[in-house]
Every structure is written in C-alpha cells, then in structure tokens.
Amino acid sequence: MMVSLKREREAEVDDDDSEDGVVAKIGRGRVAEDRRSRHCPYLDTINRSVLDFDFEKLCSISLSHINVYACLICGKYFQGRGLKSHAYTHSVQFTHHVFLNLHTLKFYCLPDNYEIIDSSLEDITYVLKPTFTKQHIAGLDKQGKLYRAYDGTTYLPGIVGLNNIKANDYANVVLQAFSNVPPLRNYFLEEENYRGIRRPPGDIMFLLVQRFGELMRKLWNPRNFKAHVSPHEMLQAVVLCSKKNFQITKQGDAVDFMTWFLNALHGALGGTKKKPSIITKAFQGSMRIFSKKLPHPDLPPEEKEALLVTEEYQEQMSESTFLFLTLDLPTAPLYKDEKEQLIIPQVPLFNILGKFTGSTEKEYKTYKENFLKRFQLTKLPPYLIFCIKRFTKNNFFVEKNPTIVNFPITNVDLREYLTEEAQVTEKNTTYDLVANVVHDGKPTEGAYRIHVLHHGTGKWYEMQDLQVIDILPQMITLSEAYIQIWKRQGCGDETNNHTDV
C-alpha cells in the first residue's frame, strides 16, 4: 500500500516542467525552450484512427486517474512520465514516443521527456476537449452542412450515434433527445455557464453537469475523428450519482431515467423550487389539480352519503408545477376475435390529452384511500414533454399497452386545455414535435430508438445506438411513441437567458 501511495505522489509531481530535458531556467525566472520541441521527429508515428477519448481517463495499468497520458501511437492510457512511470516504461518497451497529458492538453516526447509544440496537433486537442464560441452556437440551427470525420464518414453534428455499451439504450435516447433541445444544448455547450456554480463539499452530483456538458460538446463537434460517440463517462457518472439505480449492464426505463436525470440536473445546477435553472426554464409548466376523496367502496350506502357531505370529502384545488405530462392510454382489449388478432388499437393524441380539459375525472387509488382527480393547465413551457403511459406494473409482472397514438408532427394547439385566465395570458399555444422516443418489443426487454428533427435541414432522423438513418415524417406516427418533446412555435431563444441560473 505504501509503495502505491509513493508512486501516486511521484506521478502527481512528475508533471513539473522543470524536469531535465524539458526546459532550462535562465537568469531570473526566464525559461529556454528545448530546441527539439518544435522539431520532433516522431509526429508521423501518431495514429489518429486509434485515438478514443470517450472512455474514462484511467491508467490502463495502475487504474489511477491522476496525471494520465494517452499514447498517440496505440491509444492506451498511462500514468506519469517520470523515469519509473508507466508511460515512460511503455515508450521504452514499445518505442512509442508521442504522449498527450489528458489534463493539461500538453504533448510530450518520451523517453527524451521534452514538450512538443506543433500546430498540427491541434485537431487532437480539439477532439479531446471541443470548444464552442457564441457565434458558433448561434449558427448551429441555421445550416445543415455535412462534415467529414477522420475515418472518412460524413455526419451532421448533433445527429451522431451513441454506443450501446451493454444495455444502456434507455439512457441513450433520453440523452439524444435533450441534445436536440436548443436552449439546453446551448447552455451545456458553453462551460462558462455553469463553471462558477458552487456546490457543498463532497457533493458528487455536479459530476453529472460536467459529464453532460462534455457529452454535448462531443455530439456537436464538427471536427470528430469518427461519426459516433461513446457515452461511457456520462453513464459512469449516472451509475455513481444514482447510487446504481440506473446501470450500463441492465435495461432500465427511459421515463424513470428521464425523471431522475431532469431533477438531478436541476438540483446540481443550484435550482430549487423557487430558484430556476435551465431545466425549469425550458420544461416547467404549471397546472391546477382538483382532488376529491372517495368513501371506501365497501361501506354501506347511507354511510357513504353521510361522509360525502363532510368537509374532508369536498373537492380541494391545488396548484402544481410539472416538467412533463403523463398521458394515459385507453385499456387495450383483453380478448380479440380471430379477425382482430393483427389489429393494433389506435387513439388520437387529442383523445388522451382530454385528461387536461378540467372536466375529465379519473380515479386514483393509494394504499389506503381513493381519490377522484381532474386537471387543467395554467402555464405552458417553451418545450413540452409528453410521457405516454405504456407500462403497467404490479407485484408479479409488467404489462405493455401497444396502442398506437395518432398525432400530427406540427401545429398541435393546446389552448383548450388551459384555464380561462391562462388562455388570455398565453399568447402562443401551438407546438411542433422535435423528438420522439420509441419502445419496441417486450416490456422488460425490448429496445429503444429515437426520432429527432435536425433544425438546420428540417429533416427527421432515426437513431438507434450507432445506427443513424433519415426517415420520412409520416413513418414517425406509426411507432409506439413513449416520450415526446414538443417545441412551442415562436419560442425562439427565450430560455437562453442564463444570467440568473
């Protein structure tokens, strides 16, 4: 144990640029550059096709994350560059000479141990840490230029596949959906927006913010080496911050993950019930809930009547905020005759939106009590999320409702679901679809895919893990939609004011 601690300390200090061969000090603090720094003979040995910075920055031997270097010839990660370090040993053993410090973004030649200064290496540092100017971000949705990755494939930034490491497609589709919500994307592309947020000591949740920002920048990088991204570091942060409720190796539920992720991000960004974050600015609306307690069904009729006139059983009204709306599907038929075997039930979107007219009552059962509830919207957000309730869970199994929801892709007007006061104050109540998450297959297994609108081209794309194809809009409505994100027409960048976040 003492030996490993000693090595960790050696690795920590072995990045000092005053080591032999790196620089020589002259006079009062002036530094002379090694003459080999700008004329390194090994630059042509770099193999960009093996470089992959999507994985956790751990030494492949010590598994330490302190002072890690990437070998630019084989792509492996090693700790330190001093005489006894793993990177030094690797350079001698395999004659691999060019290394990149993954933290400082400086290049070194080993075992000679001098810093390499060459502008031809900028493409490598940009892939490791892409940066976006305000002008670049402002133009993302105004053009549909295809870019060529180093591996020769062409791609649209933002429309790139996410690697399914084992069983994480449920998380991939949610991350892809949020990557295509412009105010959220723009906020996370610019690290300055959240770098200064202060969190309590030991608070690990801010890791989610950092990793999500890194993933956004990789997904929208116009200078990628390959036309797909691995969400490995992002998902490791999810596993850690969710205390393993969501895992890479076990299929999860996209709505459960989305609910947790939105709330976790909101809290990590310093958001509270009263203090907004970019999450609540983009997605939060509000509603009125009318709730009426019901007598126990087994009581005699006269007792029920007596209870119904008491104050406890009168209708109560409360105001509540929401980040998404749950839409209930009609019960799928239990028994089908031979002719209807192949017919999948269908329902118009406006039928299931009827839950929010303020007059539709629905019974809700808790462990002890039953309630009748009705809902009416009081404020619509710039981006509205629908979760279509496909799964029913009980103690024994999970059942899936395959009913297809028929919806238009554009011009969904929600004015009739607002209270009379809100109808006066809400100017624009019409929405267009921008993302559609689909669940295919059995309830506990199955697979996820997503349809996203590319704002620059106006075209729709389907993404399922690494596969990206363009798709006709009319094909989207034939799927078993599970999560949808709608953008309010004319909302522009009204959620892009980050000053008070």
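Predicted model: local features only at pLDDT ≥ 70, side-chain atom pairs only at ≥ 80, totals over all residues.
1. Two residues are said to be in contact when heavy atoms of theirs lie within 4.5 Å. Leaving out residues up to four places away in sequence, Leu-353 touches Leu-327, Phe-386, Leu-414 and Tyr-417. Leu-353 belongs to helix H13, which covers residues 349–353. The residue counts as buried because its relative accessible area is 2%, and buried means under 20%.

2. In soluble globular proteins, nonpolar side chains tend to be buried together. The largest nonpolar core here has 105 residues, and the members that touch the most others are Phe-178, Phe-188 and Phe-283. Helix H10 (residues 254–268) supplies the largest share of this core, 10 residues. Another core, of 29 residues, lies apart from it and includes Phe-99, Phe-107, Leu-121 and Phe-225.

3. Phe-283 may be followed in the structure as an example of such packing. Which residues does Phe-283 contact, once neighbours within four places in sequence are set aside? They are Phe-178, Val-181, Leu-184, Leu-262, Phe-322, Leu-323, Pro-381, Tyr-383, Ile-385 and Ile-485.

4. The largest pocket has a volume of about 880 Å³. Its lining consists of 26 residues, and those nearest the pocket's centre are Lys-57, Leu-102, His-103, Arg-211 and Glu-214. Two elements give two or more residues to this lining, namely helix H8 (206–219) and helix H9 (232–241). The largest share, six residues, is contributed by H8. Sorted by class, the lining holds nine nonpolar, seven polar and 10 charged residues.

5. Is Arg-217 buried or exposed? Its relative accessibility is 5%, so Arg-217 counts as buried. Apart from residues up to four places away in sequence, Arg-217 touches Pro-130, Phe-132, Phe-188, Leu-189, Glu-191 and Tyr-194.

6. After H9 comes Lys-243, with a positive phi near 55°.

7. The model contains four cavities of 30 Å³ or more. The largest cavity has a volume of about 90 Å³. Its lining is made up of Leu-51, Asp-52, Phe-53, Asp-54, Val-127, Lys-218, Asn-224, Phe-225, Lys-226, His-228 and Val-229. Five of these lining residues are nonpolar, two are polar and four are charged. Domain 1 (43–126) and domain 2 (128–269) each provide at least three residues of this lining.

8. The second largest cavity has a volume of about 70 Å³. It is lined by His-136, Leu-140, Gln-143, Gly-144, Lys-145, Tyr-147, Leu-156, Pro-157, Trp-220, Pro-222 and His-454. This lining comprises six nonpolar, four polar and one charged residues.

9. Most residues other than glycine have a negative phi, and most peptide bonds are trans. Leu-110 and Pro-111 are joined by a cis peptide bond, with omega about 5°. Pro-111 is placed in the loop between strand S6 (107–109) and strand S7 (114–116).

10. Two further residues have a positive phi although neither is a glycine: Leu-63, at about 60°, and Thr-95, at about 50°. Leu-63 is in the loop between strand S2 (30–33) and strand S3 (68–71), and Thr-95 is in the loop between helix H2 (86–94) and strand S5 (98–101). Leu-63 counts as exposed because its relative accessibility is 60%. Thr-95 likewise counts as exposed, because its relative accessibility is 55%.

Conventions. Residues numbered from 1 in each chain as written. Heavy atoms only, no water. Core = buried A, V, L, I, M, F, W, Y, C linked by side-chain atoms within 4.5 Å. Buried < 20%, exposed > 50% of the residue type's maximum accessible area, 1.4 Å probe, protein only. Helix = DSSP H or I, 4+ residues; strand = E, 2+ residues; numbered from the N terminus. 1 Å grid on protein atoms, 1.4 Å probe; cavity = no way out; pocket = protein on both sides within 12 Å on 5 of 7 lines; lining within 4 Å. Points joined across faces, edges and corners; volume = space filled by probe spheres on them. Nonpolar A, V, L, I, M, F, W, Y, C, P; charged D, E, K, R; others polar. Domains from an automatic or database assignment.
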